[in-house]
Amino acid sequence: MVDHPSILVASRPGYRVITFNRPQRLNAFTEEMHLGLRAALDDAQADPACRALLLTGAGRAFCAGQDLSDRVAGSGPPRDLGQSLENFYNPLVRRLRALPFPVVAAVNGTAAGAGANIALHCDIVLAARSAKFVQAFAKIGLVPDSGGTWLLPRLVGAARARGLALLAEPLSAETAQEWGLIWKAVDDDRLMAEAEAMCLQFAKGPTIGLGLIKRALEAAEQNGFDRQLDLERDLQREAGFTSDYAEGVRAFMEKRAPDFSGRGG
Ligand code: T3D
C-alpha cells in the first residue's frame with residue numbers, strides 16, 4: 001500500500017483512511033503530495049476490498065491548498081498556474097467525484113483554497129465544529145479553482161457563492177452546515193469516530209448501488225428532466241441485476257439486516 005511522507009494511508013475493514021500529512025504547512029499541496037495522493041487513490045480503486053474512503057488532515061488543519069512557498073516571484077518568468085491546474089488539481093477533483101464508492105471528508109481544521117474545494121467534492125463532508133472553510137484565493141489575486149466556481153453556487157446559491165469567493169472570509173463549520181455547504185458539523189472530539197462509523201456503514205453497503213447513486217447525482221448537474229429519467233431507468237436496471245439488490249429485498253422480507261457483498265452479478 002502507498003505510504004508517502006506527505007500522504008499516509010491506513011487500511012480498515014472495507015475502507016481506507018488517507019491523511020494529508022504536512023502539518024507544519026497546514027497540509028498545503030506540493031507536487032510530491034499530489035503524486036502521493038494520486039498513487040493512494042489508484043491503489044484504493046484497484047482494491048476490490050476497498051468500498052469507501054475517508055480523507056482527513058494531520059494536525060490542526062485539513063489542507064491549506066497549494067503550498068505557496070515556491071510560488072514567490074523570483075527572477076525567472078512567471079509560472080503558468082493553468083498548467084498546475086491541468087496537471088494536478090483538475091484531475092484530482094474529477095477523480096474524487098468519479099470514484100465508484102463513497103468518499104467522506106473529515107475536515108479536522110481549516111480547509112483553505114483548493115483544500116476547501118477538495119473537501120467539498122467529497123460525497124459526505126463532516127467538519128469539526130472548530131473547522132473553517134476559506135475560499136482564500138481572492139486574498140492572493142487568484143480565482144477559486146478545483147471546481148470552486150462550479151460547486152459553490154450549486155451548493156449555497158449565487159449570493160453566498162459571490163460573498164465567499166469575493167470576500168475570502170472564513171466560514172465556520174456550523175454556518176457551512178446551516179447553508180448546506182456540508183453535511184454536518186460535529187464536536188471536535190467526535191469527528192473521527194463519526195467519520196469512521198460512516199465509512200464502516202458504507203463499507204458494508206451495496207457498493208455498486210451506491211456508486212450508481214453517485215453517477216445519477218453527478219449527471220443531474222448537467223441533465224434536463226427527461227434525460228435524467230432515462231438515466232435513472234438505465235441505472236435502476238443495472239442496480240436491479242446486482243446480487244446486493246436481491247439480498248436487500250430478501251433481508252427486508254425476512255426482517256433481518258442485509259449482508260451486502262458489494263459485488264455485482
Ligand atoms: O499555484 C497553483 O498551483 C495554482 C493553484 C492554486 C490552488 C490554491 O489552493 S491557491 C490558495 C493557496 N492557499 C492559500 O492562499 C491559503 C494560505 N493560508 C492562509 O490563508 C492561512 O494560513 C490559513 C487561513 C489557511 C490559516 O491561518 P492560520 O492563522 O490558522 O495559520 P498561519 O499562521 O497562517 O499558518 C501556519 C503556518 O502554515 C505558517 O507557517 P509558519 O509561519 O508557522 O512557518 C504558514 O505560512 C503556513 N501555511 C499556511 N498555508 C500555507 C502555508 N505555507 C505554504 N502554503 C500555504 N498555502
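## Terms and model

Buried means under 20% relative accessible area, exposed means over 50%, and partly exposed lies in between (1.4 Å probe, protein chains only). By that scale Asp 123, at 35% relative accessibility, counts as partly exposed.

This is a predicted model: local features need pLDDT of at least 70, side-chain atom pairs count only at pLDDT 80 or more, and totals for chains, interfaces and linings use all residues. Residues are numbered from 1 along each chain as its sequence is written, and side-chain values use heavy atoms, with hydrogens and water left out.

## Salt bridges across the chain

Side chains of opposite charge can pair when their charged atoms come close. A salt bridge here is a side-chain nitrogen of Lys or Arg within 4 Å of a carboxyl oxygen of Asp or Glu. The count by this rule is 19 salt bridges.

One of them joins Lys 214 to Asp 123, at 2.8 Å from N to O. Lys 214 lies in helix α8 (residues 207-220), and Asp 123 sits in the loop between α3 (114-120) and β7 (124-128), so the pair ties together parts that are 91 residues apart in sequence. Helices (H or I, at least four residues) and strands (E, at least two) are DSSP runs, numbered from the N terminus. Lys 214 is buried, with a relative accessible area of 11%.

Arg 129 and Asp 187 form another salt bridge, with the closest N and O atoms 2.7 Å apart. This pair also links distant parts of the chain, 58 residues apart. Arg 129 is in the loop between β7 and β8 (132-134). Asp 187 is in the loop between β10 (184-186) and α7 (191-203). Arg 129 is partly exposed at 36%, and Asp 187 is partly exposed at 38%.

## A further pair and a network

Which residue forms a salt bridge with Arg 79? The partner is Asp 70, and the closest N and O atoms are 4.0 Å apart. Arg 79 is partly exposed, with a relative accessible area of 48%. Asp 70 is partly exposed at 45%.

Salt bridges also link Asp 230, Arg 233, Asp 234 and Arg 237 in a network.

## Gln 228 in helix α9

Gln 228 is placed in helix α9 (residues 225-240). Is Gln 228 buried or exposed? Gln 228 is buried, with a relative accessible area of 11%. Leaving aside residues up to four places away in sequence, Gln 228 touches Ala 216, Ala 219, Ala 220 and Asn 223. Contact means heavy atoms within 4.5 Å.

## Aromatic pairs

Rings of Phe, Tyr and Trp (its six-membered ring) pair if their centres lie within 6.5 Å; planes under 30 degrees apart count as stacked, over 60 as edge-to-face and the rest as tilted. The structure holds 3 aromatic pairs. Among them is the edge-to-face pair of Phe 20 and Phe 62, at 5.3 Å centre to centre and 75° between the planes. Phe 20 is in strand β2 (residues 15-20) and Phe 62 in strand β4 (residues 61-63), 42 residues apart. Phe 20 is buried, with a relative accessible area of 0%. Phe 62 is buried at 0%.

The rings of Phe 29 and Tyr 89 have centres 6.0 Å apart and planes at 75°, so this pair is edge-to-face. Phe 29 lies in the loop between β2 and α1 (31-46), and Tyr 89 in helix α2 (residues 81-98), 60 residues apart. Phe 29 is buried at 0%, and Tyr 89 is buried at 3%. Ring pairs link Phe 20, Phe 29, Phe 62 and Tyr 89 into a cluster.
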